[in-house]
Amino acid sequence: MRVEGLRFRYQRGDRFALDGMDFGQAKGEAVAVVGRSGAGKTSFLLTLNGIIPNFYRGDFSGEIDILGEPALGKHTFELAQKVGLVLQDFESQLFSTRAELDVAFGPENLGVPREQIAKRIDDALSAVGMEKFRGRAPESLSGGEKQRLAIASVLALEPEILLFDEATTDLDPLGRGQVRDVISSLKSQGRTIIIVDHEPEGLMPADRIVILDRGRIIAENSRDKILCNPEILRANGIRPPEMAELFEGFKLGPAEFDPVKAAEFVRQKGFKPDQAALAKMIAKDEKRERSRGGVLIKVKGLEHIYPNGNQALFGIDLDVCRGDFLAIIGQNGSGKTTLVKHINGLLPATKGGVIFEGKEVRPALVSRLGREIGFVFQNPDHQIFCSRVYDEAAFAPRNYGFSDADVSQRVKNALDLVGLSGRENDNPFLLTKGERQRLAIASVLSADPKVLILDEPTTGLDYTEQRKVMELLAEQNLQGRTIIIITHTLWLVARYASRAVVMARGRKILEGGIREVLSKPEVLKDASLLPPEITRFGLEMGFGFLRVEEAMQSLRSGG
Amino acid sequence: MSDFFAAQESFFRRLHPSGKMAALLLVFVAALLLDDPRYVLILWVIAIPAGILSGAFKLLRRLWPIFLAVALASFVLWAVFTRAGTILISFAGLSLTRQGVVYAGGMSLRLSVMLFFGLVFIASTPIEDLYYGLVNMGLPFPASFALSLSFRLVPIFSESASTILQAQRSRGLAAEGGLVSRFKSYFPLFVPVFLSALRRVDQLSIALESRGFGAGIKRTSFIQFRFSARDFIVLGFCLALAAGFIALRILGLGMVQF
């Protein structure tokens, strides 16, 4: 594949999404394309299978050769047989009532004879390890299975080149692992692959990494060279592997990405934990535990059975204290969201219940409880509906009947806190995803609630935006607000939360201080979760670190 | 709601989709021909076994409040607004006539039974069968596909609408009070539902394009249906039903006489 001088501007776009890209890829090579949101990653992939400029029109120039033939002027359906595209949103890619029919859809469109379609279904499903799911309804599958099915339905067109546009972003760790395994196995079969991903784990199948910024390639090198350069990664919205940060901090040369091997290497170099430094960390943990406030939310024997008969929660007991920064972690479907929706009464308890400040929470109270308990939903687009940023943030205080002067003061405060002041008159729908997420938080903060509940507040954001959101929450927590977040991103939990609850199969399987929870990999494994790299590294060294800085401060070279 | 469209194995499910559509059409013709409730009731008598043969009877039974609401609303409307006939009672300028009440009964049975048969059809026809049937009857594939897909999107939109409503209630939106204030308070719901639908459709069209949709090549089909004895039995039955109702109509029976 060869791309030269690629430029593209969307209709009504104010700048070029792709601005002079030159790119080449050898057959069988896997390349990761990374960069902050809006860098042009998706636009680049869309030009390769002709969606740009056939479907999205705009100013287009440049040349694309795919498998030795010019791609320009070709229809998307012609290119689809050479270049397969897997999207982030797996729900939209599936529309059949039986898995095999989703796989058959592409070949049917191309007029492949029926007997051959049967064989293609077999091949494609076995390539993603889903032979047994042929007759299943896609909507009954887990996220990871759905995305694998979406990959199979692209494979059925037998493309030589496969493009993955953040194919793992919306998945839980279990699903991400499944899809990454599929990508690696496709690569080992000799397919040519381009991956767009925000997480360092997702970049592992790549041979080479290309960094995009404002529609241009600004850096390009072998995977390890790029991953061992934390600075350039951070500057482009990619989270550096924690082992790379550690090795760079200790000037140990190229990083060993596997935490166990890294620990072995570091030990051999003569590094040992300094007991005084560890004691200091333990003392700090204990102090935080002792200074917890009184119980604010009491969950007692909570059970929930959905109208379709599925039991989502089994006897949950949980105390949330004033000033806690609680992370509820677990896979999708483990009951996290169901649990927190009881805290402000969005769901009625089947058995047991929730006490907030001594009063029982009932569904009839939802709209009134919004003043005390703010709830930020997973997808900011399910929340935002006003045509001005100001009105969005003013919605809650207006509902609570504050005077205009009060409303404007509250909106000002809330927008200040999330870094959106000065944007009052902007249209929320033109903000970036990270800004929309922060606006969603502001629109709840403006009611000045005692508790802030956030359902996966960082999903789909790049590293820079993820940190902005989390630092904003940490600041709020410092001011005394109680924070509850649902997430399955454990490095983020390690860095920001004070406590964690681990959910699996509708049950609470572990609860405690953050270090205590993350230092129990065997229990986390039962929830299919893996502690962050730095914690796994630390446990090998004898102490569960939560941040790279902690390891930097407490490891001394004994030589 | 989404489980409603996940058709189970059933007698109707195995029917040729084109034949099933024709059969549905014939039942609708029959329903529209006569308005005497005693005759329309015949269709409800047939509707029960049809519901069982669709394999979705349990789900349909759960929807009885909807059928009742449709039946009651149409009964009241037709009874009040039919002015011809012998007056039974008059009140505040409105009057009920004997024939009007009977006619309203027929109309309410007719509407609810058509709704019931429509749902029997949808519940026993997955979208692939639906567009297969439409293409088979000569409709172009893109149009058939779009039509079928719209059924599939209904539960998805209703799900996102309920999430959005939850989000707004937890920001102090009170969905209480009279009809007007209730409607006004639901207004903010439309914007995000509409936008999330647009976004979804946008992603969906990229996915479709990337899988060769609209290639303009003669499309093949992995699923195949052949007309068999059961199709002819069902079609024959519906044909006889429609013919019988036509005959009654010609004989001047089954119509309310004013």
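Biologist: Let me start with one residue: is Leu94(A) buried or exposed?
Modeller: Leu94(A) is buried, as 22 other C-beta atoms lie within 10 Å. The cut-offs are these: buried takes 20 or more other C-beta atoms within 10 Å of a residue's own, exposed takes 12 or fewer, partly exposed is in between, and C-beta atoms are placed from the backbone. Keep in mind that this is a predicted model, where local features need pLDDT of at least 70, side-chain atom pairs count only at pLDDT 80 or more, and totals for chains, interfaces and linings use all residues. Residues are numbered from 1 along each chain as its sequence is written, while chains are lettered from A and ligands numbered from 1 in the order in which they are written.

Biologist: Where is Leu94(A) found?
Modeller: In the loop between helix H4 (90-93) and helix H5 (99-109) of chain A. Helices (H or I, at least four residues) and strands (E, at least two) are DSSP runs, numbered from the N terminus.

Biologist: And which residues does Leu94(A) touch?
Modeller: Leaving out residues up to four places away in sequence, Leu94(A) touches Asp102(A), Pro138(A), Lys146(A), Leu149(A) and Ala150(A). Contact here means that C-beta atoms, placed from the backbone, lie within 7 Å. Gln147(A) is 53 residues from Leu94(A) in sequence, with 9.0 Å between their C-alpha atoms.

Biologist: Let's zoom out. How many helices and strands are there in chain A?
Modeller: Chain A has 24 helices and 22 strands. Its C-alpha trace spans about 70 × 65 × 50 Å along the principal axes, and 53% of its 559 residues count as buried.

Biologist: Switching to the open sheet in chain A: in what order do the four strands come?
Modeller: The order is S13-S12-S15-S16 of chain A, with antiparallel pairing. Strands S13 (311-321) and S16 (359-360) of chain A are at the edges with a single partner strand each, so one side of each has no neighbour in the sheet. Pairing requires that DSSP finds at least two bridges between the strands.

Biologist: How many bridges join S12(A) to S13(A)?
Modeller: Seven bridges, in the antiparallel sense, pair strand S12 (residues 295-305) of chain A with S13(A). Leu302(A) has Ile316(A) in S13(A) as its bridge partner. The hairpin of these strands has five residues between them, and Gly309(A) there takes a positive phi near 95°.

Biologist: And how many bridges join S15(A) to S16(A)?
Modeller: Two bridges link strand S15 (residues 351-356) of chain A to S16(A), again antiparallel. Phe356(A) sits opposite Lys359(A) in S16(A).

Biologist: On to chain B. How many helices and strands are there?
Modeller: Chain B has ten helices and two strands. An automatic or database domain assignment divides chain B into domain 1 (17-125 + 226-250) and domain 2 (140-210). The centres of these two domains of chain B, taken over C-alpha atoms, are 30 Å apart.

Biologist: What is the mean pLDDT of chain B?
Modeller: It is 87, and 92% of the residues of chain B reach 70 or more. pLDDT is the predictor's confidence in each residue, from 0 to 100. The model scores ipTM 0.83 and pTM 0.88.

Biologist: Why is H7(B) said to be largely enclosed?
Modeller: Because nine of the ten residues of H7(B) are buried, the rest of the structure largely encloses it. Those buried residues, including Tyr131(B) and Tyr132(B), pack against H5 of chain A, together with helix H2 (17-33) and H8 of chain B. Just after H7(B), Gly138(B) has a positive phi of about 100°.

Definitions and conventions:
Contact = placed C-beta atoms within 7 Å.
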